Structure formats: structure tokens, C-alpha cells
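Let's take a walk through this structure together, one piece at a time. Have the sequence and the 3D view ready.

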Amino acid sequence: MREVATVVVRRRARARNTATTAALLTAAVSLSLVAGCTGSSAPPDDGRNTSRTPTRSQTATPTTGSVLAVKIDNASTARPHTGLDSADIVYAEQVEGGLSRLMAVYATRLPKAVGPVRSARESDLELLRQFDRPLLAFSGAQSKLMPLIDGAPLVPEPPGRASGAYFRDSARRAPHNLYLRPDRLLPTAPGAAALTTGFHVGPAPAGGRAQTSLTVRYPAARFAFTWSGSDKGWRVAMDGTAARTTDGKPPAPPTVVVQYVKVRTSTFRDFLGNNTPYTETVGSGTATVLRDGRAYDVEWKRRKATDGTEFTTKDGRPVNFAAGQVWVVFAKK
């Protein structure tokens, strides 16, 4: 499909100048994206998926230790999610209009499908610097953001890059129906060693307080976590509705981190004119760690973008997480 589009461009290039050739190439890539999806073409994803497909940087090639990060839609019409329960880490962040979006990171297991997939944000680039050349799956990005994605030390994998990697579910309405087949990007899961996050797994720290629920509120979204002894994890509710996946399983991460960070305005806006919040994940601050039905007030530190985030007690001792999936919810401090 990509080859056909390329041939068309080359033929037309013989009769046109360089500027016209570039325009045709962009059109050919867009046609191959639409043709490779099931169902009708989708409307713009927040005004972002109309941009050009990014090119792989010569220095940002996937390695056997690369994690797969997927931007996941979290509008009510995007739920239930697919493949979220297989992620090692789920990050939740605030986006335009006070809504929320997720980023799922996969290292130890690759599900058959993940989604719905949505667009990237500037904050993602800083957050992903802690991993070794991760693959980033996303539906598109604002045209002004694309050069930053191109120059980041990661491998961008939007639709049209890998043959058959994305598909659309005709039972859902666009743009909340784009899904990824992870095995088309990574043949096998890279393993836990790829999770260079600074997290420590082990026995629960001393102290803490008994707590069975906690709610995090954004201007137009909220996350609630409720301890479930039978699941040995925290049941998740989003915007007042209990979360579940398409296979019927409710997410129940053994560890939840509410990380209080600076959320500032960025230079980017969506197609409606709403400013895109920038979540700063480098620096230091406080956090609440939930595990085993208890809450721990801790401190976090990430000295530079290439470091993972360290969570410690007030006297500097590392705070252990429970084995299994970790949710990190970025909350405005």
C-alpha cells in the first residue's frame, strides 16, 4: 500500500518542482493511512492526525530492550478499553478542557490489541525519556509538535508506519475506534529490564495509614481507587463509572501512585483553541502511594529526564511497590 503511493509520487515528481513533490508525498501517505483502516475515514483527532507522518530518526531505532508506549483515549465514548490490563504501567494525565488521557507502557506482556489509540502531547516526550528509545504508538499529533517528536530519542509509530499495525472497529464511532496490534511493532515483549523507571518492588514500607479509597479530580474528569481484598488491588472508577476492559475484567492495580506535579500552560492549543496543559515530570515533590489497603505519604524526585522517578520516605528510604501493574496519576500540586 505504501509502495503504491510512493510510485505515484515518483511518477508525478518528474513533471513537477520540488515543492509540488513534497505536497504529493504528504497526500500519498494520508491516502495509505485511510486505505489501511477498516470503515470510513475518521475525523481529525483533536485537530492532530491531519499532520504528516513522522520519520524515524537514525539514532532512534528500536532495540530488544525497548518498551512500547501507547496513548489511549479516555473519553467516556472510548470505554471500555482494550489491552489496558496487560500494561506494566498506566500513566494518567490532564489534557485540554480538564479531561484526561492515558499512556500505557508495555514491557512484560503484549496483548493482542490495545486501544482506542489517540494523539500525542508534548509532555509525553519528557515522560518517555526515562526509557531506552521507546516505541510510541499514537494516532497523530499537532503539526507544530511533529518536529519535536521527530527529534526525540524514541521511535514514533503512528498509523501508516507499520503495515497492518492499526485497525478501526466499525462498531464504534470515530475517532474513538482506532486500535493497535502490538505484535506488528514488537515481535516479543522486551521484559521487565526495559522498565527503567526507578520503581522498587518489595515488602510494604513501615507506617502508612489504613485507607480503602482515594479520588483524584481534574477540572472535567476524576479517578477513584477502591481497595479490593479479593483482587489484592485497587478497583478503578473513571468519571464516576467503574472501569472494565473489553474482556470484562475490571482493572485492579496492586499499586497506585498519586504524584503531585506542576501542570502549566504550553505553547500548543487544540483545534478549538483550548490550551494543552504541560505536565512536568522532572523535578521533585510529594506523592501518595496506595498498596495493600494502606496509604503512604512519600516524596518523589526525578533529577533529569533520562532518570526514572524515585519514591522515598521522608528519611530517604526507598518506598517499595507491590508486584504487578502500577498506575501513576499526575495531579496538580
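**Starting from a loop**

Apart from neighbours within four places in sequence, Ala204 is in contact with Arg291, Asp292 and Tyr296. Keep in mind as you look that this is a predicted model. Ala204 itself is found in the loop between strand S8 (200-201) and strand S9 (209-210). Is Ala204 buried, exposed or something in between? Its relative accessible area is 36%, so Ala204 counts as partly exposed.

Take the contacts in the protein chain between residues at least 6 apart in sequence: 65% of them join residues at least 24 apart. The chain has 333 residues, and 51% of them count as buried. Its secondary structure comes to four helices and 20 strands.

Now zoom in on strand S3, residues 100-106. How many of its residues are buried? Seven of seven, so this strand is mostly covered by the definition of buried as under 20% relative accessible area. In a regular strand, side chains alternate between the two faces of the sheet. Here both faces of S3 are covered: Ser100, Leu102, Ala104 and Tyr106 are buried on one side, and Arg101, Met103 and Val105 are buried on the other.

Strand S1 (residues 68-72) runs antiparallel to S3, and five bridges join the two. Within that pairing, Val70 stands opposite Ala104. Strand S2 (residues 89-94) also pairs with S3 in the antiparallel sense, over six bridges, and there Ala92 stands opposite Leu102. S2 and S3 make a hairpin with five residues between the strands, where Gly97 takes a positive phi near 70°.

Stay with Val70 for a moment. Setting aside neighbours within four places in sequence, Val70 is in contact with Leu102, Met103, Ala104, Tyr106, Val114, Val117, Ala137 and Leu180. Val70 also belongs to the largest nonpolar core, which has 39 residues; Leu68, Val70, Leu180, Phe223 and Phe225 are the ones that touch the most other members. There is a second, separate core of 36 residues, and it includes Ile89, Val263, Tyr296 and Phe330.

Next, the aromatic rings. A search of the whole structure finds eight aromatic pairs. Why is the pair of Tyr91 and Phe330 called stacked? The ring centres are 5.7 Å apart and the planes meet at 5°, and planes under 30 degrees apart count as stacked. This pair links distant parts of the chain, with Tyr91 in strand S2 and Phe330 in strand S20 (residues 326-332), 239 residues apart. Tyr91 is buried at a relative accessible area of 4%, and Phe330 counts as buried at 5%. Tyr218 and Phe223 give you an edge-to-face pair, 5.9 Å centre to centre with 75° between the planes. Both Tyr218 and Phe223 are buried. Elsewhere, ring pairs link Phe199, Phe311 and Phe321 into a cluster. For a charge meeting a ring, find Arg264: its charged end sits over the ring of Tyr278, 4.1 Å from the ring centre.

Finally, follow the open sheet of four strands, which has the order S10-S11-S12-S13 and antiparallel pairing. Which strands are at the edges? They are strand S10 (213-218) and strand S13 (241-242), each pairing on one side only. Six bridges join S10 to strand S11 (residues 221-228), with Val216 opposite Phe223, and the two strands form a hairpin with two residues between them. S11 then pairs with S12 over six bridges, where Thr226 has Arg235 as its bridge partner. That hairpin has four residues between its strands, and Lys232 in the turn has a positive phi of about 55°. Two bridges join strand S12 (residues 233-238) to S13, and Ala237 stands opposite Ala242 there.

Notes: Residues are numbered from 1 along each chain as its sequence is written. This is a predicted model: local features need pLDDT of at least 70, side-chain atom pairs count only at pLDDT 80 or more; totals for chains, interfaces and linings use all residues. Side-chain values use heavy atoms; hydrogens and water are left out. A nonpolar core is a set of buried Ala, Val, Leu, Ile, Met, Phe, Trp, Tyr and Cys residues joined through side-chain atoms within 4.5 Å. Buried means under 20% relative accessible area, exposed over 50%, partly exposed in between (1.4 Å probe, protein chains only). Contact means heavy atoms within 4.5 Å. Two strands pair if DSSP finds at least two bridges between them. Rings of Phe, Tyr and Trp (its six-membered ring) pair if their centres lie within 6.5 Å; planes under 30 degrees apart count as stacked, over 60 as edge-to-face and the rest as tilted. A charge sits over a ring if NZ of Lys or CZ of Arg is within 6 Å of the ring centre and within 35 degrees of the ring normal.
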